[in-house]
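User: I would like to go through the labels attached to this model and hear what each one rests on.

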Amino acid sequence: MMIEFDSHTLWVKVKKQEGIGKMKFSLIIGTLNRCRELEICLESLRKQVFRDFEVIIIDQSINDSTQQLANGYQDLNIIYEHVDFMGLSKARNYALKMAHGDYFALIYYDERYLWEADKVLNDDREMILVGNIVQKSMLKKYSSKKQLKAIGYHQIMKNCPSPVLVFPYTLYCKGICFDENFGVGATFGACEETDLILEALDNKYQIGYCENMFVVHPTMQHSFEIENTTEVKKRENYARGLGALLEKDKVIRKNKRLHYYEMEKKCKILLKKTGLFGKKEKDLAIADLRGLNTGKRDFRKLLEKETYR
């Protein structure tokens, strides 16, 4: 047992075996100057009947407003820590080291999906649950009851590009965590959750997609985003992360599984780039294509510099 874990992971494992602070979910929040969004999230959690969780807040803010807010919600079993580094994936990995739950859940703003996750997990330690982040305007589409279904990599890329994610403690014990080169505030500003899921698939984890396990995303701007960022820039940024992810899966994981997904996506982009669907779609398609190509190129440069880890 001891040779399988680093000293910190072993310490967490011993705590679990002794039953210290054991609970079902560790809810992870990485935040940067987002008090209003965090308050919405914590208020939502406070209204829940289901309370078998702890809330871990990793605060990267430059002031103490977040800490003051968190102090008002100690009934939610909050673990708060302020850090001096940036990057959402790095904050999440930091939180994983502090967690006591059997499952880890990434927290956004509206946490009604937790009770759904609790119903379908049934203590399956090899199951990862994914859902979706939806806009309020699309709420009706996801409101009907849907059956849990197992999915593979192609469905993951198409159905849940920004997944609501619940994964077991055993995944972390195997050394699988977030790639800190991906995610908001990192070199590639997107696709960190999808990267984690693909890594889990390679380690024989089953991925369960539950469409009615969703989070309603607010319209508020993310604090890491540049003020007045245009839709075109956001699309290019996401596409750059996706391009890097596609290259990583091919070069690092030695997989060709996303080849047809990439070809399909590029064909759709090129069709829109013709202008048949209007100027806006053409501009977004150009941003998508530029982002994909830039992400793939920049990831290869990262490998050449031997700075990737």
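Analyst: Arg253 and Asp249 form a salt bridge, with their closest N and O atoms 2.6 Å apart. The model is a predicted one, in which local features need pLDDT of at least 70, side-chain atom pairs count only at pLDDT 80 or more, and totals for chains, interfaces and linings use all residues. Residues are numbered from 1 along each chain as its sequence is written, and side-chain values use heavy atoms, with hydrogens and water left out.

User: What makes Arg253 and Asp249 a salt bridge?

Analyst: The term needs a side-chain nitrogen of Lys or Arg within 4 Å of a carboxyl oxygen of Asp or Glu. The closest N and O atoms of Arg253 and Asp249 are 2.6 Å apart, so the pair meets that cut-off. By this rule the count comes to 25 salt bridges.

User: Why are Arg253 and Asp249 called buried?

Analyst: Buried means under 20% relative accessible area, exposed means over 50%, and partly exposed lies in between (1.4 Å probe, protein chains only). Arg253 has a relative accessible area of 10%, so it counts as buried. Asp249 has 1% and therefore counts as buried too. Of the 309 residues in the protein, buried ones make up 51%.

User: Which other salt bridge does Arg253 form with an Asp, and what parts does that pair tie together?

Analyst: The side chain of Arg253 also meets that of Asp195, at 2.9 Å from N to O. Asp195 lies in helix H8 and Arg253 in the loop between helix H9 (231-251) and helix H10 (259-273), so this pair ties together parts that are 58 residues apart in sequence. Helices here are DSSP runs of H or I with at least four residues, strands are runs of E with at least two, and both are numbered from the N terminus. Asp195, Asp249 and Arg253 also belong to a network of salt bridges that includes Asp179, Glu199, Asp202, Lys248 and Arg257.

User: What makes Glu264 and Lys268 a salt bridge, and how exposed are Glu264 and Lys268?

Analyst: Their side chains meet at 3.5 Å, N to O, so the pair falls within the cut-off. Both residues lie in helix H10, 4 residues apart, about one turn of the helix. An α-helix has 3.6 residues a turn, so residues three or four places apart point the same way. Glu264, at 28% relative accessibility, counts as partly exposed, and so does Lys268, at 47%.

User: Why is the pair of Phe104 and Tyr169 called edge-to-face?

Analyst: Rings of Phe, Tyr and Trp (its six-membered ring) pair if their centres lie within 6.5 Å; planes under 30 degrees apart count as stacked, over 60 as edge-to-face and the rest as tilted. The structure holds 9 aromatic pairs. In the pair of Phe104 and Tyr169, the centres are 6.4 Å apart and the planes stand at 80°, so the label is edge-to-face. Phe104 lies in strand S4 (residues 101-106) and Tyr169 in helix H7 (residues 169-173), so the pair ties together parts that are 65 residues apart in sequence. Phe104 is buried at 0% relative accessible area, and Tyr169 is buried at 8%.

User: Why are Phe182 and Phe299 called a tilted pair?

Analyst: Their ring centres are 6.4 Å apart and their planes are at 40°, so the pair is tilted. Phe182 lies in the loop between H7 and helix H8 (192-202), and Phe299 in helix H11 (residues 279-304), so parts 117 residues apart in sequence are tied together. Phe182 is buried at 0%, as is Phe299 at 0%.

User: How do you know that Arg92 lies over the face of Phe178?

Analyst: A charge sits over a ring if NZ of Lys or CZ of Arg is within 6 Å of the ring centre and within 35 degrees of the ring normal. Arg92 is 5.4 Å from the ring centre of Phe178 and is listed as lying over its face. Phe178 is also part of a cluster that ring pairs make with Phe104, Phe167, Tyr169 and Tyr172.

User: Why is helix H4 described as largely enclosed?

Analyst: Of the 9 residues of helix H4 (residues 88-96), 7 are buried, so the helix is largely enclosed by the rest of the structure. Among the buried residues are Arg92 and Asn93. Asn93 has a relative accessible area of 6%. Not counting residues up to four places away in sequence, Asn93 touches Cys177, Phe178 and Glu180, where contact means heavy atoms within 4.5 Å.
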